[in-house]
Amino acid sequence: MALLEINDLSVDFDTASGLFRAVDGVSLSVDAGEILAIVGESGSGKSVAMLAVMGLLPWSATVTAKRLAFDGRDLLTLTPRERRKLVGKDMAMIFQEPMSSLNPCFTVGFQIGETLKVHLGLDKTARRLRTLELLAAVGIPDPERRLTAFPHQLSGGISQRVMIAMALACRPKLIIADEPTTALDVTIQAQILDLLIALQRETGTGLVLITHDMGVVAETAERVSVHYAGQKIEEQPVRALFDDPHHPYTAALLAALPERAKGRFLPSIPGTVPGQFDRPPACLFEPRCRFATDRCREKVPPRQGAIAGFALCHYPLSHGRPIGHPRPEGREVAA
Amino acid sequence: MFGFIIRRTLLVIPTFLAIAFLTFVAIRLVPGDPIEVRTGERGISAARLAEFRHELGLDQPVWKQFLDYLWQIGHGDLGTSISTHAPVLQEFLTLFPATIELALCAMIFAVVLGIPAGVIAATRRGTFIDYSVMGVALTGFSMPIFWWGLLLILLFSVQLDLTPVSGRIDLLYYFDPVTGFMLIDSLLSGQDGAFLSALSHLILPTIVLGTIPLATIARMTRSTMLEVLGEDYVRTARAKGLSPFRVVGIHALRNALIPVVTVIGLQVGTLMAGAVLTEYIFSWPGIGTWLIESIQRRDYPVLQGGILLISGIVILINILVDVLYGVLNPRIRHGR
């Protein structure tokens, strides 16, 4: 049984201009001790899906799913109180902006200790010891002194380390890291990522890494789920994904990596992710896809099997060639 | 922190000079001087008038009078009342506890109701509760004090006969002031019913004086709370699995209170201005009534001294608020 099971998860936001579907029928599973990367550009619904798992969406969001289970417990039927006993204890989340994710009014020691107090009921001395231990574990020099520091006295890298310490506090089974390195300097990014992976190996927790950085994915993940406009469009083990992407979007994303680019110009994907008002009727990637046909415009693409990376596509690619496509060379797309 | 308080106090000097100047000039722009007011319609001989004026120094040019006044207050002397011949400071100190008692009760009333009302409105945003709280707050904010006071007197004192109309305590009770605060003194006196009587006299003035600060605090709390509830660190707090009470009441409220405390400090000025009207309506023997009477009598030293003292207190409270601000907001504390 998987640690986290998500089956057909959808999230709708009630906006002034009507319902907006941010997550559209996403199914995922994460095993204990596994690293799953969720990749996609901004607006692909990857963060929203994970916030739904954590129960952190604002009131304007409606979450529906066939199954949303963590560690065998159905999250949809838990009372808020029962759910709060899981959140922050057995599953924890690290956010994108470490500087604004810490409360400016409270010390580092208080903010980490609070989790320990609420979930484990540790007394003051025990909390202090455990907090020091955690700060040392995430590689913060001089943890004793940091205990009384306020967030504005910390750098971005240290803040993110504090967030990681906070997430680890109750030895969770699953950590969701939502673009944990995006807001940091490039030199710090690698450090934080290494730290996360090292801690994940050490503690054997499951890790969901949300990112839009393919480089990060290649270095860290075991399995990759690619998302586009709220849908999961492909899922493969990391090596297989880089070797043979099956969805044209994944292929285009990989082709746009500078390391893999061929020729003088860096290839890019024309157009933008569809929003609330320009959502295509059938395949959501069709307007930007170089293999799109009339069928893609009219018929919702089927979910392919494991062999084609669960691609959501009429013509999944095999080594760069669309299977069953009338004109396999595809059309030229203005870059 | 100490240096901060010193700096803040030095900044007060120009403010004081400006206030002294404005009051000094403004009261002299009002037709009539203390002697004319006292002599009434019949008047007195020009020679006698000139004599009196000379005695009070009113025959000097205004700039000379002002400099003399500054010299005098520079030596810590606020002068004596023209009508009662008692030192201004002494009169002030006798009456001030009554005003403090009223203002303090009004402020407590405003804070104790205003902050929770704002928090509730913010957490129930867009619901009937939110609209009702904000609607009541807006009405309260727009209510002229004198009219609001009269309405309450009509309803509670005249129609329902629940509260007394004026004064600080029933005439049945008499005891010497110890602290000057009627609530405390009545308890100390040990007389049966004295405390309840003092309390019942306080209720209406407190509500009347506290309404505008209450509305301001509620609206301010709501808007800062709404802003704070959308912050990343509130999401972090929820991600820790904390109860909604802890998320809102500790993580969000602490941040939302920072601007609210500033507003509370600024409200002290409004409160003093409101106290003048409120005291007059309820015949509350405090600074407000004293100042209004001093205007009617053109009692220059009382008005000038009284306003200087009140502004001193308002400024002092604002300094305290700045200090409290640092306590609430670690970024300020360490930034200095």
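Trainee: How many helices and strands does chain B have?
Mentor: Chain B of this predicted model has 15 helices and zero strands, where helices (H or I, at least four residues) and strands (E, at least two) are DSSP runs numbered from the N terminus. Residues are numbered from 1 along each chain as its sequence is written, chains are lettered from A and ligands numbered from 1 in the order in which they are written. Local features need pLDDT of at least 70 and side-chain atom pairs count only at pLDDT 80 or more, while totals for chains, interfaces and linings use all residues, and side-chain values use heavy atoms, with hydrogens and water left out.

Trainee: And what does chain B span along its principal axes?
Mentor: The C-alpha trace of chain B spans about 85 × 55 × 40 Å, and 46% of the 336 residues of chain B count as buried; buried means under 20% relative accessible area, exposed over 50%, and partly exposed in between (1.4 Å probe, protein chains only).

Trainee: Which residues does UniProt list as "transmembrane region" in chain B?
Mentor: The unreviewed entry gives several spans, including 9–30 and 194–215; UniProt positions are in the numbering used here, feature names are shortened, and annotations may be inferred rather than shown by experiment. Residues 9–30 of chain B are 91% helix and 0% strand, with end C-alpha atoms 32 Å apart, and residues 194–215 of chain B are 100% helix and 0% strand, with their end C-alpha atoms 32 Å apart.

Trainee: Switching to the surface, which residues form the nonpolar patch?
Mentor: Phe2(B), Ile6(B), Leu10(B), Ile13(B) and Leu17(B) form the patch, with about 540 Å² of accessible area together. Such areas come from the Shrake-Rupley method with a 1.4 Å probe, and for residues only the protein chains shown count as cover. Patches are made of residues with over 30% relative accessible area and no salt bridge, like charges being joined within 9 Å and nonpolar side chains (Val, Leu, Ile, Met, Phe, Trp, Tyr) within 5 Å.

Trainee: Which helix gives the most to the nonpolar patch?
Mentor: That is α1(B), with three residues, although α1 (2–10) and α2 (12–29) of chain B each supply at least two. Leu17(B) sits in helix α2 of chain B, and Leu17(B) counts as partly exposed because its relative accessibility is 42%.

Trainee: Over in chain A, where does Ser44(A) lie?
Mentor: Ser44(A) is in the loop between β3 (35–39) and α1 (46–54) of chain A, and Ser44(A) counts as buried because its relative accessible area is 1%. Leaving aside neighbours within four places in sequence, the contacts of Ser44(A) include Ala22(A), His227(A) and Tyr228(A), contact meaning heavy atoms within 4.5 Å.

Trainee: How many salt bridges are there over all chains?
Mentor: A search of the whole structure finds 23, a salt bridge being a side-chain nitrogen of Lys or Arg within 4 Å of a carboxyl oxygen of Asp or Glu. One of them joins Arg67(A) and Glu5(A) at 3.3 Å, N to O, and this pair links distant parts of the chain, with Arg67(A) in strand β5 and Glu5(A) in strand β1 of chain A, 62 residues apart.

Trainee: What about Asp232(B), which residue does it form a salt bridge with?
Mentor: The partner of Asp232(B) is Arg235(B), with the closest N and O atoms 3.9 Å apart. Both lie in helix α11 (residues 232–239) of chain B, three residues apart, about one turn of the helix.
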